[in-house]
Amino acid sequence: MKNIPLVDLKAQYAGIKTEVDSAVHRVLEQASFILGPEVQQFERDFAAYVGADGAVGVASGTAALQLSLLAIGIKPGDEVITTAHTFMATAEAISQTGAKPVFVDIDPRTYNIDPQRIKAAITDRTRAIIPVHLYGQPADLEPILEIARVRKLRIIEDAAQAHGAEYHKARCGSIGDLACFSFYPGKNLGAYGDAGAVTGQDKSLLDRIRKLRDHGRTSKYEHDEIGYGERMDALQAAVLGVKLNRIEQWTEDRRRHARLYDELLAEAPVETPQEAPHNRHVYHLYVIRTKQRNTLLTHLQANGIGAGIHYPVPLHRQPAYLTNGYTDVKLPETERAASEVLSLPMYPELVDEQIHYIARTIMEFFP
Ligand SMILES: *Cc1c(COP(=O)(O)O)cnc(C)c1O
């Protein structure tokens, strides 16, 4: 069997080449490259897909998080609750506003923030919670929304891995005050470069983000406040528009691959992902766990299988945070997950034969 990568963007391009090429040419002919009609069209289509009232296209998922935090008024000295079992950008965006990320441990079954542990982390400086829908599985938002309502906190969903994911039939991105999406190339909906979006229901928050992404501008030569250069470009919007038409089919393909992995690994001494009954998991990543993670990873790589680890070092153990007063933070489930999780190849274009080969290679590893 040939090498099987973790994600295969070349295979994806082969399936949409004609449409992508013509969308790119359209933008080149129009010669309007930053924001403009292509971005507006994508914003409308993406908001409709998510079931949100509006979407604002920005330069990356990281920019989406930064601008969302600024838009809800996060400032130095504030605290924002999130998890440490996520990509660096989640916490980085909090730190960049001058606020402090407060890490709450995860539920080991879903790898998402454990709502039961949130209350104990709230102080009189807490302003917001960022639940991350990790790997494409929605965080358990109902109890989190209830805490937010009682304690008057804002919710920003980190939906960077959760395009099309659903919680009790509502799409991620339509539930919190704001939600942040990444269109990094390897994400479920990926651009051909950096791009991101914020979705939400509150028009004034979205307008604020629209202004912040473009230098605080209210008209061509008027700047209301000091903003940022974090706009989406037209080429990315045009490519994303093509891919948005395919995302539902791709998501169903991912879910079918996940079912096959589940079935083939049922007898293996590894834990397969647990999809909560009210969730539509979109399997950005298919993550198993085992105490023999490192040796299993070596075995898979030796057999041409591109497995990965998301994420091997929790954020409170990153050098960037260790020097900033996190040495005493203890998050046992987060730390255990970091040492046991293993991501298997997952992308719509995988074929059953490849999944059978990966499962067989895993079964062979265990005596
Ligand atoms: C990818 C990702 C981000 C950052 O998105 P970029 O577009 O790479 O800036 C933020 N949070 C999570 C959970 C991610 O996976």
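In which helix is E335 found? E335 belongs to helix α11, and the legends below treat this residue together with other sites of a predicted model. Local features are reported only at pLDDT of at least 70 and side-chain atom pairs only at pLDDT 80 or more, whereas totals for chains, interfaces and linings use all residues. Residues are numbered from 1 along each chain as its sequence is written, and side-chain values use heavy atoms, with hydrogens and water left out.

**Figure 1. Overall architecture of the protein chain.** The protein chain contains 12 helices and 14 strands; helices (H or I, at least four residues) and strands (E, at least two) are DSSP runs, numbered from the N terminus. With a radius of gyration of 20 Å, close to the 21 Å that the globule rule gives for 367 residues, the chain is as compact as a globular protein of that length. This radius is taken over C-alpha atoms, and the globule rule is 2.2 Å times the number of residues to the power 0.38. The C-alpha trace spans about 70 × 55 × 35 Å along its principal axes. Of the 367 residues, 57% are buried; buried denotes under 20% relative accessible area, exposed over 50%, and partly exposed in between (1.4 Å probe, protein chains only). Contacts are defined by heavy atoms within 4.5 Å. Among contacts between residues at least 6 apart in sequence, 70% join residues at least 24 apart.

**Figure 2. Surface and charge of the protein chain.** The accessible surface comes to about 15600 Å², and 51% of it belongs to carbon and sulfur atoms. Accessible areas come from the Shrake-Rupley method with a 1.4 Å probe; for residues, only the protein chains shown count as cover. The mean positions of the 41 positive and 47 negative charges are 3 Å apart. In this count, Lys and Arg are positive and Asp and Glu negative, while His and the chain ends are not counted. Each charge is placed at NZ of Lys, CZ of Arg, CG of Asp or CD of Glu.

**Figure 3. T334 and E335 in helix α11.** T334 is found in helix α11, which covers residues 332-340. At 0% relative accessibility T334 is buried, whereas E335, at 28%, is partly exposed. The side chain of T334 makes a polar contact of 2.6 Å with the side chain of D105. A polar contact is a pair of N or O atoms within 3.5 Å; within protein, one must be able to donate a hydrogen and the other to accept it, and residues adjacent in sequence count only if both atoms are side-chain atoms. The side chains of E335 and H316 are likewise joined by a polar contact, of 2.7 Å. Not counting residues up to four places away in sequence, T334 touches A84, H85, D105, I106, P314 and H316. With neighbours within four places in sequence left aside, E335 is in contact with P314, H316, R317, V329 and K330. The C-alpha atoms of E335 and A84 are separated by 9.1 Å, although the two residues lie 251 residues apart along the chain.

**Figure 4. Helix α3 and its ends.** Helix α3 (residues 61-71) is mostly covered, with 9 of its 11 residues buried. The buried residues are G61, A63, A64, L65, Q66, L67, S68, L69 and A71. S60 caps the N-terminal end of α3, where a side-chain oxygen lies 3.3 Å from the backbone nitrogen of T62. Just after α3, G73 takes a positive phi of about 90°.

Figure 5. H168 is found in the loop between β6 (166-167) and β7 (170-171), and K169 lies in the loop between β6 and β7. H168 is partly exposed at 42% relative accessibility, while K169 is exposed, with a relative accessible area of 75%. Elsewhere, a cis peptide bond with omega of about 10° joins H310 and Y311. Y311 is placed in the loop between α9 (293-302) and α10 (319-322).

Figure 6. N279 is located in strand β12 (residues 279-280) and is buried, with a relative accessible area of 9%. A polar atom of the N279 side chain lies 3.1 Å from the backbone oxygen of P138. Leaving aside neighbours within four places in sequence, N279 is in contact with Q137, P138, E166 and Y167.
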